[in-house]
Amino acid sequence: MFRPIRRKSKEIDPQATRELLHSARIGVLAVQGDEGYPYAIPVNYLYEEETRRILFHGAGAGHKVDALRACSKVCFTVVGSETVKAEPWAPFVQSAVVFGRCHMVEDREETLRLVRKMAMKYYPDEATADGEIAASGAAVRMFAIEIEHLSGKEIQER
């Protein structure tokens, strides 16, 4: 159902792909938006390897939520792990592409647990994370992408 990477020589192994998902800080979520136009937005996220999910937070209403209610199929992409190997002006960059289905986490206790887990990726300490959660925890929603297909590659653009 999912297309394989066309240039196999550029493909990175599954472990390197998962490491990229753990280390990157921002991903781009793509959904089918209004009138069939793609809608892609950058989001902070957390990769939960043990459950094969990508988690991100957001509001409970808006373009993204409307699009997900209409169609749960999404694409999620991260770019990172830039390395210079020979030519400093043309670094190598890794990317990971996830296909899956996304839904809003409905259980409030689970939402707050995931918000805290994700906050620990971005905030410098627990006290700062707890303060932010206390300030916005009531309104925040969590979304989970159940990964159906994952691939990664490394390219050099020159």
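The legends below describe close-up views of a predicted model.

Local features need pLDDT of at least 70, side-chain atom pairs count only at pLDDT 80 or more, and totals for chains, interfaces and linings use all residues. Residues are numbered from 1 along each chain as its sequence is written, and side-chain values use heavy atoms, with hydrogens and water left out.

**View 1. An open sheet of 7 strands.**
The strand order is β2-β1-β5-β6-β7-β4-β3, with antiparallel pairing. Strands are DSSP E runs of at least two residues; helices are H or I runs of at least four; both are numbered from the N terminus. Two strands pair if DSSP finds at least two bridges between them. β2 (38–44) and β3 (46–48) stand at the edges with a single partner strand each, so one side of each has no neighbour in the sheet. Neighbouring strands are turned by 30° against each other on average, direction ignored. Axes are lines fitted to C-alpha atoms, for helices over the stretch in contact; angles run from 0 to 180 degrees between N-to-C directions.

**View 2. Strand β4 beside strand β7.**
β4 (residues 53–58) and β7 (residues 141–156) run antiparallel, joined by 6 bridges. His-57 has Met-142 of β7 as its bridge partner.

**View 3. Helices α1 and α2 on the sheet strands.**
Helix α1 (residues 14–23) lies across β3, β4, β5 (73–83), β6 (92–104) and β7, at about 75° to β6. Helix α2 (residues 63–70) lies across β1 (26–32), β2, β4, β5, β6 and β7, at about 55° to β1.

**View 4. Asp-13, in the segment before α1.**
The side chain of Asp-13 reaches the backbone nitrogen of Gln-15 at 2.9 Å. A polar atom of that side chain also lies 2.8 Å from the backbone nitrogen of Ala-16. Asp-13 counts as partly exposed, at 45% relative accessibility. The classes are buried under 20% relative accessible area, exposed over 50%, and partly exposed in between (1.4 Å probe, protein chains only). Asp-13 and Gly-152 are 139 residues apart in sequence, yet 7.3 Å apart in space, C-alpha to C-alpha.

**View 5. Ser-151 in strand β7.**
Ser-151 counts as buried, at 16% relative accessibility. Leaving aside neighbours within four places in sequence, Ser-151 is in contact (heavy atoms within 4.5 Å) with Ile-5, Thr-17, Ser-95, Ala-96 and Val-97.

**View 6. Helix α3 packed against helix α4.**
α3 (residues 108–122) and α4 (residues 126–136) pack at about 135°, with axes 9 Å apart. The contact is made by Val-115, Arg-116, Ala-119 and Met-120 of α3 and Glu-126, Ala-129, Asp-130 and Ile-133 of α4.

Methods:
A polar contact is a pair of N or O atoms within 3.5 Å; within protein, one must be able to donate a hydrogen and the other to accept it, and residues adjacent in sequence count only if both atoms are side-chain atoms.
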